[in-house]
Amino acid sequence: MTVRQEPEERARPLPRPSDVADRRATLAAAALLVFGTALFWSPLRHVDLGAANGFGLISVLPGATLAGAAVIVLSFMLTLALPRPHRVLLVAQILVLVATLHGVAQALEPEARFPTAWQTAGFIEYIERTHTVSWDLDARFSTPGFFAFVAFVMKAVGQHDISPVLKWAPPLTDLMYLVPYMLILRVLRATWRAKWFAAWLFIAANWVGQDYLSPQAFAYLLYLYFVAILVNWFRHHDERTQRPGRRRSPETAQRTGGLWRVYNWLFGPKDPGELPAPQASVRDRTILLCLLFLLILIGTAAHQLTPFLMTASCAGLVLVRRCSLRGLPFIAGVVYAAWVSFMTVGYWSSRKGELFGGLGNVFQNVQQSTGGRISQTSPQTADVQQLRIIIAVVVVGLAVLGLLRRRARGIDDRVALVLLLVPFSSFGLQNYGGEIALRIYFFMLPAACLLVAYLFFPAPFDAPRVRDPRVRVRLGRLRTGPRRHWPAVAAASVFALLLVGGFLTVRYGNEKYEQVRPSDVRAFDVMTQKTKGVIGVVWMSADNPDLVGGTPVMPWSYRDFERFNYTPVIASRSDPADLSEIIQRLREQGPGGFFVTTRSHEDFQVLTAGLAPDFAPRMRAALAADPRIETVYADRDAAVYRLRNPPAEPNPPVPKPSGLGLRSSPWTPAGLIYLPVLLGVLFARELRRLRLPPGETWRLRPLTVLAVPLFLSVVAVIVERFLVIS
Amino acid sequence: MSLPLALLLFAAPAAAWWLLLSGLDPLGRAVVASAGGFAVIAGTAQVMVMADAWSPFRGVLAVVLLSAVLAALSRVHRPSRPPDAPREASAPPGGHQAPMTSAASVHDLPRPRRREDDDEDWLFKE
């Protein structure tokens with residue numbers, strides 16, 4: 001992973017006695033890895049997930065499995081303590097870590113976990129079946145790129161069953177993230193230990209669970225590719241050591257004192273935190289620029305938040321002089337704004353007030369994202385939530401410390417700083433049902449993991465084994481000799497062990513209700529088989545879902561998306577046998593009305609809304625005994641009921657696909673002409689910039705002059721559309 | 001059976017990007033090629049769904065065709081200028097219109113890597 005090999009590494013003429021010890025330690029690390037993997041996986045056959053309590057998976061994992069996870073961690077740390085990198089071993093350890101952390105629940109459960117993942121399956125199935133989208137069914141159809149992508153690939157390779165894809169997507173996605181991340185890491189001025197530890201942390205700190213088969217997971221991959229290409233081939237050629245500021249004259253440079261120390265720390269000479277950019281010819285950079293443009297387009301069509309972060313990170317890199325494509329943020333911004341204006345019109349035209357309500361509502365976002373998520377929950381679930389926040393805060397806090405430690409060493413990590421700060425820009429953007437803080441953490445991870453690794457291994461290159469004896473080094477015994485890395489590795493091991501323990505707790509902390517059981521899927525199959533028309537699903541909620549933003553915790557709408565309607569019934573907590581509300585709602589649904597409940601859904605209501613644990617069994621018993629209600633399907637995990645004599649009305653027709661819901665305004669045709677021309681001019685401007693020598697950017701002026709009126713026209717059209725269409 | 005087929009589907013555009021980016025180092029080239037593979041396939045699917053022309057069969061054809069075009073572009077090299085050749089001999093970049101006679105010289109004279117500014121000066125020194 002390191003770009004430059006140390007000269008010491010390259011020239012290794014004779015086997016030294018330390019080589020024998022090195023080989024022995026390598027073998028020991030490999031053996032530990034095999035032993036840890038066996039220890040982790042072999043006791044898992046006897047695990048009964050049904051016995052899990054509010055802490056989720058960790059409460060049923062055997063002690064040997066946890067010990068196995070610890071051994072896997074220690075084996076990696078032992079490899080880091082070796083004097084040189086053993087790449088094969090390190091890669092094997094990261095692969096094992098991905099399988100261990102991100103594959104354990106998948107291996108234990110028969111179906112893909114996480115109800116939200118099943119809705120993605122519903123969107124994909126909808127496109128496969130109807131060959132188009134329907135903007136009025138769900139806001140996510142406004143950015144259908146990812147669903148179309150998966151639907152196309154599945155159809156092209158003849159895979160008709162999406163469940164294995166759904167199930168194994170998380171470990172696979174995490175592996176794919178490492179590919180561009182590797183490219184980001186290799187341009188940094190750091191030791192191989194810091195880089196490999198950062199890659200390892202990127203897997204272990206990613207407890208957010210946004211890596212399931214979903215648009216945001218795919219767009220995140222594109223974001224990483226985008227950043228990797230930018231920092232590898234589009235940096236400035238004159239990134240030298242930063243010189244002291246012009247204001248610091250020779251006489252003031254001699255002054256010392258607290259204030260001057262702060263000044264030096266901020267503005268004093270620093271080494272860039274990145275290695276010189278790899279050389280590439282103009283032709284290659286032209287091709288790469290085309291690919292960047294393609295990535296922006298595809299990312300914009302696939303997810304609504306990620307293109308904003310692509311724009312912001314590119315702009316941030318430009319601002320700190322780590323990206324030479326000054327016009328690219330404009331291109332990305334124009335593409336994003338145009339997409340929102342032209343393609344997602346169905347979404348925003350009905351929600352103008354809501355959009356502005358979310359904009360800038362930072363305080364509410366903070367509350368909803370953190371504290372607001374922990375009200376009324378059971379103590380165990382609340383503990384898991386608290387632990388999530390603690391892990392996020394610790395990771396970010398250590399990242400800041402790592403940044404400061406590098407800065408104290410005179411290294412200016414601008415790329416990492418930008419990637420760390422950019423995700424905060426999305427805070428005021430949209431409130432996302434209070435999930436935005438998780439997304440921010442997710443987007444901070446590439447930089448945060450790197451900076452945490454810097455906290456333990458801050459050096460830009462390996463410290464020499466032997467120091468000059470005339471210089472007194474504090475704690476010299478620890479910091480010289482072949483074992484000089486051991487203290488740092490030991491400290492990192494403590495953090496890594498805690499992090500993996502935290503990961504196994506919080507990632508699967510809600511497993512009691514986040515798992516999807518085969519009966520849950522079967523329940524929805526039964527409903528689609530029993531009726532031909534629209535299915536009115538009635539589901540029980542302990543709180544008013546309009547206030548808490550709840551949805552059924554089931555694999556709802558995983559196929560036949562347009563046929564389902566959802567109507568909540570607020571549970572009468574005092575009397576589970578009171579079915580009047582349920583029957584009333586079922587009557588309103590007409591012939592296709594079903595009442596559905598699943599064990600995961602009931603556990604969710606118990607753990608997060610404080611419903612009595614015996615509420616659901618008593619309600620189910622009352623439903624089964626009631627003469628007005630027929631049991632369509634029932635087992636321990638899921639049950640479906642309907643009226644014995646449902647009313648014939650209302651029987652609404654199944655909605656037809658409505659496409660992207662594009663709408664026009666008087667100025668729209670002009671906008672459709674200006675927009676491609678503007679993008680063409682901006683793109684040509686960047687291509688021209690690649691061919692100009694440094695310092696001659698004034699030659700871009702003709703294109704700039706051409707772009708400004710076009711840009712204003714496009715902005716005017718976008719504003720006009722927003723005002724006219726409602 | 002689907003997994004090898006899927007790999008094959010991604011391999012075609014990725015290989016085309018690999019051929020196209022001959023000047024990069026192997027690791028960077030491989031990673032960028034994988035990004036290009038995603039971009040071509042996802043782009044095809046998105047265009048199909050947005051243009052109301054959903055047809056997986058034609059989509060696969062389009063992917064193969066795009067890959068072929070990219071691979072063909074990689075074969076059309078801009079000829080590198082011999083050290084003391086007159087300025088007129090150098091063809092403009094853009095690839096497609098490069099004369100075949102000078103393309104042959106690329107293979108005849110394997111030369112060390114060009115300096116960065118050699119590529120750039122044709123635009124502004126004339």
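How many residue pairs, both at pLDDT 80 or more, are in polar contact between chain B and chain A? In this predicted model, local features need pLDDT of at least 70, side-chain atom pairs count only at pLDDT 80 or more, and totals for chains, interfaces and linings use all residues. Residues are numbered from 1 along each chain as its sequence is written, chains are lettered from A in the order in which they are written, and side-chain values use heavy atoms, with hydrogens and water left out.

Between chain B and chain A, six residue pairs are in polar contact (a pair of N or O atoms within 3.5 Å, of which, within protein, one must be able to donate a hydrogen and the other to accept it; residues adjacent in sequence count only if both atoms are side-chain atoms). Two or more residues each are given to the side of chain B that touches chain A by helix 1 (2-20), helix 2 (26-50) and helix 3 (56-75) of chain B; helices are DSSP runs of H or I with at least four residues, and strands are runs of E with at least two, numbered from the N terminus. Helix 2 of chain B provides the largest share, 17 residues. By class, this side of chain B comprises 29 nonpolar, eleven polar and eight charged residues (Ala, Val, Leu, Ile, Met, Phe, Trp, Tyr, Cys and Pro count as nonpolar, Asp, Glu, Lys and Arg as charged, and the others, Gly among them, as polar).

In total, 53 residues of chain A are in contact with 48 residues of chain B, contact meaning heavy atoms within 4.5 Å. The two chains bury about 4,200 Å² between them, 72% of it on carbon and sulfur atoms; this is the accessible area (1.4 Å probe) lost on putting the two parts together, summed over both. One salt bridge is found across the interface (a side-chain nitrogen of Lys or Arg within 4 Å of a carboxyl oxygen of Asp or Glu). Arg186(A) forms this salt bridge with Asp25(B), with the closest N and O atoms 2.4 Å apart.

Chain A contains an open, mixed sheet of five strands in the order 4-3-5-7-6, where pairing requires at least two DSSP bridges between two strands. Strand 4 (564-570) and strand 6 (629-634) of chain A each have a single partner strand, so one side of each lacks a neighbour in the sheet. Strand 3 (residues 535-541) and strand 4 of chain A pair in the parallel sense over seven bridges.
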